Amino acid sequence: MYRIVKKSELTTNIYLMEVEAPRVAKRCMPGQFVIVRMDEEGERIPLTICDYDREKGTITIVFQCVGAGTKLMADLKEGDSFHDFVGPLGCPSELVNEDGESLKKKKILFVAGGVGTAPVYPQVKWLHENGVAADVIVGSKTKDLLILEKEMEAVAGNLYVTTDDGSYGRSGMVTQTIKDLVAEGKQYDVCIAIGPMIMMKFVCLLTKELNIPTVVSLNPIMVDGTGMCGACRVTVNGQVKFACVDGPEFDGHGVNFDEAMRRQQIYKTAEGRAMLALEEGDTHHGGCGNCGN
Amino acid sequence: MDVLTKIPVREQDAKERATNFDEVCLGYNKEEAMNEAARCINCKNAQCVKGCPVAIDIPAFIEQVKNGNIGEAYQIISRSSALPAVCGRVCPQESQCEGKCIRGIKGDPVSIGKLERFVADWARENHIMPEGAVEKKGKSVAVIGSGPAGLTCAGDLAKMGYDVTIFEALHEPGGVLVYGIPEFRLPKQDVVAKEIENVKALGVKIETNVVVGKAVTIDELIEEEGFEAVFIGSGAGLPKFMGIPGENSNGVFSANEYLTRSNLMKAFDGNSNTPIMQSRKVAVVGGGNVAMDAARTALRLGAEVHIVYRRSEEELPARVEEVHHAKEEGIIFDLLTNPVEILADDKGWVTGMKCIRMELGEPDASGRRRPVEIPGSEFVMELDTVIMSLGTSPNPLISSTTEGLETNKWKCIVAAEENGKTSKEGVYAGGDAVTGAATVILAMGAGKAAAKGIDEYLSARM
């Protein structure tokens, strides 16, 4: 069960895997996520669904190698299996519940940052399959880290790629591209921004000014992903929400990003420590800033 | 031997166990068990059985222990309970079987829980399994959730000859037995996993990683996957918070999260990749069994731990044994104290908790004296971690995706107490999903009643 049928390294440290998970593939919708585990001792890692094939019964995930868990995951090969693969979790994107006709009239802008391009893709693809052409901005630090460009191009209305260092496409942050597009006369009824928390924060600050309602997808720390632990609580419009069951998508203009970013740091040191211990094994002699050596 | 006094049970020394996760209570050996069993006067009209939510024939099994026939004692218990090694450890016996024991009128009641535990452990060590069904019925039942309610319902149905599949949302079966109750009170490999193996040996299939309500609905289980009846034992999963300022600060956890990290994800043993807060000083807010579990876990992970509870010791909802053990291990009880605000530094990390002293006023609706704030008595406790253990409410995942399933104002599924029947045909429910947070044994009682209800329903349809 949960066999990896395809694996590729999209770019340095960012991997794509297509995994057999028929129950998830049967029901999942854009915007939802899965939780995976590598082995009996592994941590539960939440990942947004990047694509799904209902007939083959597979789910595509994309992840960046950041912690001990994702490092182990990157070592898996085609033919290997995940120990656990549960989903679909969270609520589907609100777009998929909207009436087809009103959706076609809407001007939709997606803003994807880094590995956040992966969860944006199934939404744009779903809209494309339902006759809606959405504009997509994909932001990347540099050309080499850009992922899913061809795939996105095939389903987006207009695709705007921008790199922080100007090495490819437009130059600058995604917020600059939003400003430019609006200055060029583009109008949008809704914006969906998915990427690093800091990017979503600044996109929201801008779209609030521009009066474009904005949806963001949050990826806080979580354990079970079914509402049981409350680790993923975020404040949205003054109310405490659990990202795993109430989200992961929320009204971006109502999200308390500073709190959300701070809460993401809770185990940062512990995670870094686990990564170092894993990399260095018995040869670890300090330098992590945590062990006292 | 003084017949009025129970045979004491051996325990790990308090100082020693405060630093490890090994089981606290060591249980009886055969000789101790036979001596304790001899204290039972085998009442004709046994009150203890009435006090047991799953109605184990207690005098009958104790009679077998008295005579040294432990295997026979195990089969008697197994007829009523799928999880005796668990129940012998976590049931609130003092308010159930032992609370009704005639011996208890003058002297100590018979240690029924410790005897049950001994019998179950002995059976496991001697590889004795419960007796299964003789004849298959050729009908399938789906059970949602593999906690105490689900396992009991599944076990009972399998013994009647039904094909049972349990769907579990997490990666490991056991529900609260694996994510909630800590290792030092309920060993996972030796006790929980083995009792689950026994349920599987009856023919029950368990499919993990299936979130019913998300991956598949109850209606689909019935219409597409061929199940003729469904039992919902999904538990009361959602943690409650107080709603006081500062509760989203870094270092405030629900007891559910803290315990799940330690128990299910094994963060306690250092080999796990799942992190847990390394705390110096912890306040656990609440006074139930879960609060005691969280406090004793934090203590073992090296912290100074305070229980902060707004009523007095008498009203503590936890089992007497848990409170006793917690105190022995060095947990500090700050009673008649209620948090009003959590304080944090400029980076958002918890630095303390502002509390107010309480006094007991007139009895409230629960019959307990209502705690009232003493004006001007606010003070600050310095802390780096706060664990909220205020109870849980049912997860709406199933009720919100199942048409025709009635819930009450607390979002609990409405089900008949005697047979677990819900408002939807063929769908039964029990345990915390119906009652809100309660005990392992009450959930088992509900699972048992529902198994009987499902059998009656399916027998009538033949």
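I call a residue buried when its relative accessible area is under 20%. With that cut-off set, I opened the predicted model and looked at chain B. Buried residues account for 59% of its 462 residues.

**Entry: overall build of chain B**

I checked the radius of gyration next. A compact globule of 462 residues would come out near 23 Å, and chain B has 23 Å, so the two agree. Along the principal axes, I read a C-alpha span of about 65 × 60 × 50 Å. I found 18 helices and 18 strands in chain B. I also looked at contacts between residues at least 6 apart in the sequence of chain B: 69% of them join residues at least 24 apart.

**Entry: where chain B meets chain A**

How many residues of each chain are in contact? I get 45 from chain B and 43 from chain A. Together the chains bury about 3,600 Å², with 52% of that on carbon and sulfur atoms. On the chain B side, B:K214, B:N248 and B:N273 lose the most area to chain A, together 21% of what that side buries.

**Entry: polar links and who supplies them**

I counted 4 salt bridges between the two chains. I noted the one joining the side chains of A:R23 and B:E225, at 2.9 Å from N to O.

On the side of chain B that touches chain A, β7 (238-239), β8 (252-254) and α13 (255-262) each supply at least two residues. The largest share, 4 residues, comes from α13(B). I sorted that side by type and got 19 nonpolar, 17 polar and 9 charged residues.

Conventions:
Residues are numbered from 1 along each chain as its sequence is written. Chains are lettered from A and ligands numbered from 1 in the order in which they are written. This is a predicted model: local features need pLDDT of at least 70, side-chain atom pairs count only at pLDDT 80 or more; totals for chains, interfaces and linings use all residues. Side-chain values use heavy atoms; hydrogens and water are left out. Contact means heavy atoms within 4.5 Å. Buried area is the accessible area (1.4 Å probe) that two parts lose on being put together, summed over both. Ala, Val, Leu, Ile, Met, Phe, Trp, Tyr, Cys and Pro count as nonpolar, Asp, Glu, Lys and Arg as charged, and the others, Gly among them, as polar. The radius of gyration is taken over C-alpha atoms; the globule rule is 2.2 Å times the number of residues to the power 0.38. Buried means under 20% relative accessible area, exposed over 50%, partly exposed in between (1.4 Å probe, protein chains only).
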